[in-house]
Amino acid sequence: MVLNLSPFVLSFTLLLFLLSTKSSSAQSTLDPNQLKALRSLSVPTGKDPCSPLHKTTICDSSTPFHNLISLKLINCSNDVVLSQTALKSLSTLTDLQFINCPVSPIHFPSELSSNLQSFTCINSLKKLSSVWLIRLHNVVNLTVSNVPVSASGPSIILNSIKNLHTVTISHANLTGVLPTKWHMNLTYVDLSENKIEGRISSSLTMLENLVHLNLSSNSLNGTIPTAFGNLLSLKNVSLASNSLSGNIPKSFAAIPGLVHLDLGSNRLNGTIPKFISDMKGLKYLNLERNNFHGILPFNATFIKKLVVFKVGENSNLCYNHSTLSTKLKLGIAPCDKHGLPLSPPPPKEDFSDDSADKEDQSPPPKHEHGPSRVVFGVAIGLSSIVFLIIFLVLLSKCCK
């Protein structure tokens, strides 16, 4: 059976198809209110902000319109202003990032604050406070760097955001002391480049899931907790550039997967423990600028497997020159027969300079008899004149 469709029916069918296509296209676009919010924030939207090719936005698969779940505000222009209206439209966000975006901060709408699970602020928002940050009470990943944070200490922030897994508050001029209690779900802690004082609480060693710890460049003092080796998941630790004293705890030997250990620029003392050379995964080791003494317990095989090894500027530390070559340039002196540092030889540059000075101060070469030749010439000249006068006198007498 052959259907004979009139031109009217064909036109109507084509119209339905086009409407269907347009409707389908509408379902794949961003919510109009969110699109308007993005434009008010000067975010380039292109043809489709939900396209996988768009670098600053990620959308969900909601219908009839997609909703934003991730937004990066990068390199904001000076005229960008955060508004409550725009942020309220973006309350579906679970990830919000400000990078090089020094706009003035405002309080987020409560729905947005509650939905956020990841918040990043790098060199942005001019200044933050602990009160502002703890409103993000459901955040799991928090990163604040190169932004001044006014707070009485990190405790008020870390103890108020109970779901934190990773936290970075660095280069933030943060003062106060470290928490005495930590949430057990923390896996990443970076509080570097601040003004945190006091001791490292032993409660920190209870974080059995902690993989990364960076407390460098603060004003921490006291000793490293003896139970530090309880951090069995630890891969990277930096306690550098503080005022820590005492020995390296023996419990470090119990950390099986340690890759990065930075204890440089402190006041640590005692001998360097030999067990460090048994850490098979270790690639970065910095022990420089401390007060270690005795003989360096490492052999050439261990040192050569390290990507970075620093041990210089420990004035009472030395190495066994029969075990380690001087070519390694460790920055410490070789040991004498009593295990004490030998006086280091003068630097090559200084020796060269001294030699040059000595050469400048040495007498002229023997073949240059400048002053003797002058005297000898004057003597000959005077003798000739005297001889000529005597000759003329004698000549005048003879002529008379």
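This is a predicted model: local features need pLDDT of at least 70, side-chain atom pairs count only at pLDDT 80 or more; totals for chains, interfaces and linings use all residues.
Visitor: Why is N214 called buried?
Guide: Buried means under 20% relative accessible area, exposed means over 50%, and partly exposed lies in between, with a 1.4 Å probe and protein chains only. N214 has a relative accessible area of 14%, so it is buried.

Visitor: Where does N214 lie, and what is it in contact with?
Guide: N214 belongs to strand β11. Strands are DSSP runs of E with at least two residues; helices are runs of H or I with at least four; both are numbered from the N terminus. Contact means heavy atoms within 4.5 Å. Leaving aside neighbours within four places in sequence, N214 is in contact with V189, D190, L191, S192 and S238.

Visitor: What makes S217 partly exposed?
Guide: Its relative accessible area is 21%, so S217 falls in the class in between. S217 sits in the loop between β11 (212-214) and β12. Its phi is near 55°, a positive value in a residue other than glycine.

Visitor: Why is N75 called exposed?
Guide: N75 has a relative accessible area of 55%, which is over 50%, so it is exposed. The residue is in the loop between β2 and α3 (84-89). Phi of N75 is also positive, near 50°.

Visitor: How do you know that β10 and β12 pair?
Guide: Two strands pair if DSSP finds at least two bridges between them. Two bridges join β10 (residues 197-198) to β12, so they pair, and they run parallel. G198 stands opposite L220 in β12.

Visitor: What joins β12 to β14?
Guide: Three bridges join β12 and β14 (residues 243-246) in the parallel sense. In β14, L244 is the bridge partner of G222.

Visitor: Which residues of β12 are on its covered face?
Guide: L220 and G222 are on the covered face of β12 (residues 219-223), while S219, N221 and T223 are on the uncovered one. In a regular strand the side chains alternate between the two faces of the sheet.

Visitor: What makes β10 and β21 edge strands?
Guide: The open sheet has seven strands in the order β10-β12-β14-β16-β18-β20-β21, with parallel pairing. β10 and β21 (333-334) each pair on one side only. Two bridges join β20 (residues 316-319) to β21. One of the facing pairs is C318 and A333.

Visitor: How many aromatic pairs are there?
Guide: Rings of Phe, Tyr and Trp (its six-membered ring) pair if their centres lie within 6.5 Å; planes under 30 degrees apart count as stacked, over 60 as edge-to-face and the rest as tilted. By this rule there are seven aromatic pairs.

Visitor: Why is the pair of F298 and F309 called edge-to-face?
Guide: The ring centres of F298 and F309 are 5.9 Å apart and the planes are at 70°, so the pair is edge-to-face. F298 lies in the loop between β18 (291-295) and α7 (300-305) and F309 in β19 (residues 308-310), so the pair ties together parts eleven residues apart in sequence. Both F298 and F309 are buried.

Technical notes: Residues are numbered from 1 along each chain as its sequence is written. Side-chain values use heavy atoms; hydrogens and water are left out.
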